[in-house]
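Q: Please take a close look at one part of this model, the aromatic cluster. Which residues form it, and how do the rings sit?

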Amino acid sequence: LSGLDPAQPYFQGTPNEVRLDKSDADFVDIIHTDSAPTIPNLGFGITPAIGHIDFYPNGGEQMPGCGKNPVSQIVDLDGIWEGTRDFVACNHLRSYKYYSDSIIYPDGFLGYPCASYSLFQSGKCFPCPQGGCPNMGHYADKFKGKMPNDFMKLYLNTGEAKDFPLWRYKVTVTLSGRSKVRGYVNVALYGSDGNTRQYQITKGTLKPDNTYTAYIDAEVNVGKVTKVKFLWNNNWINPTLPKLGASAITVESGQN
């Protein structure tokens with residue numbers, strides 16, 4: 001039984017008999033997309049974990065793409081009716097959009113077990129534990145029988161618009177060179193199943209022999225990594241023509 005942002009008003013804090021609960025089926029998975037407090041945030045979705053596994057995409061309160069200005073949201077690619085409806089309840093309605101996208105992407109929407117969204121964002125819950133991570137949405141039931149006895153909270157990030165799934169990677173870059181400069185470092189991943197755009201790994205002081213780490217949520221599952229593109233820029237013309245390279249780049253995929 002899949003709960004798509006189950007309702008908060010009149011249901012949160014009520015006995016199990018009144019609201020959706022993990023005792024209602026052999027396997028209950030929940031997607032929370034609008035779990036901010038009803039007052040003053042007008043959140044429509046329930047906040048606590050209530051299923052066998054509970055997914056909190058983007059933290060479960062504010063979904064990417066839902067903060068667009070009203071005009072651009074109403075004149076939406078999906079049409080004026082859907083855009084108007086999204087403007088009224090965009091976060092709440094993301095739950096079914098993620099679910100429908102999950103049917104097309106069996107390897108997408110990997111949920112990472114974590115104590116909080118801030119810990120997930122900082123990379124503390126990466127990569128997946130030995131038992132693997134469940135996929136949010138249609139294929140969540142593949143995880144049936146692997147759940148702990150207690151509630152399991154899972155976090156992930158999604159895109160702003162269709163197609164919504166993102167794949168998480170840990171990218172570590174060790175710089176080489178003769179002198180430190182200020183600027184930024186970008187990396188793009190190339191693989192057997194696709195390539196990503198450039199992602200910023202660090203910005204500020206770039207010091208040779210230092211190692212910099214970033215967690216990127218890529219719009220494509222690259223499969224087996226075949227190449228990485230390394231690019232750095234110091235933002236202004238420097239007459240000393242500094243040079244930087246990468247002595248090592250490590251890419252770790254969250255799934256395995």
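A: What follows walks through the aromatic cluster ring by ring, then turns to the charges over rings. The model is predicted.

Seven names make up the list: Y56, Y112, Y117, F120, F126, Y155 and Y215 form one aromatic cluster. The count of aromatic pairs comes to nine. A pair of aromatic rings is described by the distance of the centres and the angle of the planes.

Start in helix α4. Y117 and F120 both lie there, three residues apart, about one turn of the helix. Their ring centres are 6.0 Å apart. Their planes meet at 25 degrees, so Y117 and F120 count as stacked; the cut-off for that is under 30 degrees. How is each one placed, buried or exposed? Y117 is partly exposed, at 22% relative accessible area. F120 is buried, at 2%.

Y117 also pairs with Y155. Here the ring centres lie 6.2 Å apart and the planes are at 35 degrees, so this pair is tilted. It links distant parts of the chain: Y117 sits in helix α4 and Y155 in strand β5, 38 residues apart. Y155 is buried, with a relative accessible area of 6%.

Now F126. Which residues does F126 contact, leaving aside neighbours within four places in sequence? They are Y112, R168, Y169, K170, Y215, E252, S253 and G254. Y112 and Y215 are also members of the aromatic cluster.

The charged end of R168 sits over the ring of F120, 4.2 Å from its centre. So F120 has two partners described here: it is stacked with Y117, and it lies under the charged end of R168.

For contrast, turn to the surface. Y10 lies in the loop between β1 (2-4) and β2 (29-31). Y10 is exposed, with a relative accessible area of 79%. Together with F11 and V18, Y10 forms a nonpolar patch on the surface. The accessible area of the three together is about 360 Å².

How values were computed:
Residues numbered from 1 in each chain as written. Predicted model: local features only at pLDDT ≥ 70, side-chain atom pairs only at ≥ 80, totals over all residues. Heavy atoms only, no water. Patch = residues over 30% accessible without salt bridge, like charges linked within 9 Å, V, L, I, M, F, W, Y side chains within 5 Å. Areas by Shrake-Rupley, 256 points an atom, 1.4 Å probe, with all protein chains shown as cover. Salt bridge = Lys/Arg side-chain N within 4 Å of Asp/Glu carboxyl O. Helix = DSSP H or I, 4+ residues; strand = E, 2+ residues; numbered from the N terminus. Buried < 20%, exposed > 50% of the residue type's maximum accessible area, 1.4 Å probe, protein only. Contact = heavy atoms within 4.5 Å. Phe/Tyr/Trp six-rings, centres within 6.5 Å; stacked < 30°, edge-to-face > 60°. Lys NZ or Arg CZ within 6 Å of the ring centre and 35° of its normal.
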